[in-house]
Amino acid sequence: MDQPALEVAGLVKRYGGLTAVDGISFRVAPASVLALLGPNGAGKTSTVEICEGFRRPDGGTVRVLGLDPRDRALRPRVGVMPQAGGAYPGLRAGEMLRLVASYSAHPLDPGDLLDRLALTDVQGTAYRRLSGGQQQRLSLAMAVVGRPELVFLDEPTAGLDPQARRATWELVRALRADGVTVVLTTHLMDEAEQLADHVVVIDHGRVVGAGTVDDLTRTEAAGQLRFRATPGLAVHQLAAALPTGTTVGEAPAGQYVVTGTVDPQLLAAVTAWCAGNGVLAEDLRVETRTLEDVFLELTGTELRP
Amino acid sequence: MTAWQPGALAPQPGAAPTGRMLAAQTAAELKLMLRNGEQVLLTLVIPLGLLVVLTVVDVITVPTGRDRVGFFVPGVIALAVMSAAFTGQAIAVGFERQYGVLKRLGATPLPRWVLLTAKTLAVLAVELVQLVLIAVVGLLLGWQPQGSPVAVVALVVLGTAAFSGLGLLLGGTLRGLTTLAAANLVWFVLLVLGGVLFPLSAFGGAQTVLMLLPTAALSHGLREVLQDGGGVPAGDLLVLACWAAVGLAGASRLFRWE
């Protein structure tokens, strides 16, 4: 990749005896969306807050747009949405957004932004009287109003209703399409699946999985291939035509499962056998795991405090 | 809802000109102060109320040979400056830290010195309103000010610097509710011991120590000028300058933004 928009290498952060971030490394390409996915307390917010310049790391390096995260020159170039708060309780929603817009040379139109995030009706309401979801959306608006190159969104859709979540997702997609790099934290699988080019799964302060959603969810060893066809095919003959170690079963009638190492060769061998035997395989699909399966596999099913 | 136009969000980063940031921030700080009921009570209603009540009702004996309004106007000005620059500022900053406002603003192009300058300008604007109202009410009560306005301005400006430094030190280091309690307690103690209500001579031998309190220095200095027509009260200005140095140095060293 060209110079990454964000580069984190060997990051360590300790709070007293607790190591919250324990050697995290990842890179984010410009104009892409990276999701930091992890259970509560995994170290996502600590990682992001170091990248935002709010906290100093105890080890490792972070480069944001090629600069030290605490460099003042980054402030106009980076937008930040903290996990909670961050507005004058006594200012009205519209006043707060216009105030933040006034810090930037070429801000977005605050009125349009309020409109798109369905905040127009409450722009005259004091921040402290907004609902949690309204405060979240205002915070998102404040993060992007200055037209930054890179945006950090810490749990941007926590507590949002489905409509607001969609509006947030649309904004993230539009940012990416316009060349803005987005780094977001979430514990929502569908959010990562919907938005992220790359996912970094964090648990106990370490990276436990990383890659595109496809990389992470692709079944590798002992995968399954399923298809539907007329009942009563000679499954033994099919198995014999496939690499050793591959098994074929039919259950229920007409539903076939091929279990083995799923790769392009296996798929070709199955379809070749079907073609040779005049079988039309319907609904042929490679079984993949959902991101949630991967997530639980990587982070366990234990409840987090 | 129409879709985002391609390019509508294309990056175009840049900080606004400093003057624009300062103007917007000062307006916001001022709005917040005037909108906050407790702040208005503290900075305007209580000082003006005390001025009227203490002048009209003979509950506190002023030193012999002094007219009541001439004694209380300087004290109430000192109280007003303390309320706006110290108590109000400390409480606001304490809660702003607690609500993550200052942390958030630290991630924007707004420089910290612009934020602090805006807060100071807002305090000075409120003080201007206070001084005008106190002067008007005082004149209606028969106040006859003496002395040089320049000395008054010097005292108020140094007093503001001292109280702002102490307010930022308090609000910048303690939690919101702790700041609220501490700032109100200090306000009350200084109201009683700072020469606002009672002449310091009422405290006998403790007077020499109490003279070193910022409120006492400000009220005493203002009385020397406004009531006695004295020149520049160098001793009181020196006390205020020391408090300003201590407060501002402490605040700049210990202030935490979150």
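The model is predicted, with local features requiring pLDDT of at least 70 and side-chain atom pairs counted only at pLDDT 80 or more, whereas totals for chains, interfaces and linings use all residues. Residues are numbered from 1 along each chain as its sequence is written, and chains are lettered from A and ligands numbered from 1 in the order in which they are written.

Where the two chains meet, chain B contributes 30 residues and chain A contributes 36 residues; two residues are in contact if their C-beta atoms, placed from the backbone, lie within 7 Å. On the side of chain B that touches chain A, α1 (18-35) and α4 (101-106) of chain B each supply at least two residues. Helices (H or I, at least four residues) and strands (E, at least two) are DSSP runs, numbered from the N terminus. The most comes from α1(B), which gives 6 residues. Sorted by class, this side of chain B holds 19 nonpolar, 6 polar and 5 charged residues; Ala, Val, Leu, Ile, Met, Phe, Trp, Tyr, Cys and Pro count as nonpolar, Asp, Glu, Lys and Arg as charged, and the others, Gly among them, as polar.

Helix α1(B) also has a partner within its chain: its axis and that of α5 (residues 112-140) of chain B come within 8 Å and cross at roughly 50 degrees. Axes here are lines fitted to C-alpha atoms, for helices over the stretch in contact, and angles run from 0 to 180 degrees between N-to-C directions. The two helices, α1(B) and α5(B), are therefore oblique to each other (under 35 degrees is roughly parallel, over 145 roughly antiparallel, 65 to 115 roughly perpendicular, and the rest oblique). Among the residues that meet are B:L22 and B:L30 in α1(B), and B:L115 and B:A122 in α5(B). By class, this contact has 11 nonpolar, 4 polar and 2 charged residues.

In chain A, 6 strands form an open sheet of mixed pairing, in the order β5-β6-β7-β3-β8-β9; two strands pair if DSSP finds at least two bridges between them. At the edges stand β5 (78-81) and β9 (206-211) of chain A, each with a single partner strand, so one side of each is left without a neighbour in the sheet. Strand β8 (residues 198-203) of chain A pairs with β9(A) in the antiparallel sense over 5 bridges. Helix α5 (residues 162-177) of chain A packs on the sheet and touches β3 (33-37), β6 and β7 (181-186) of chain A.
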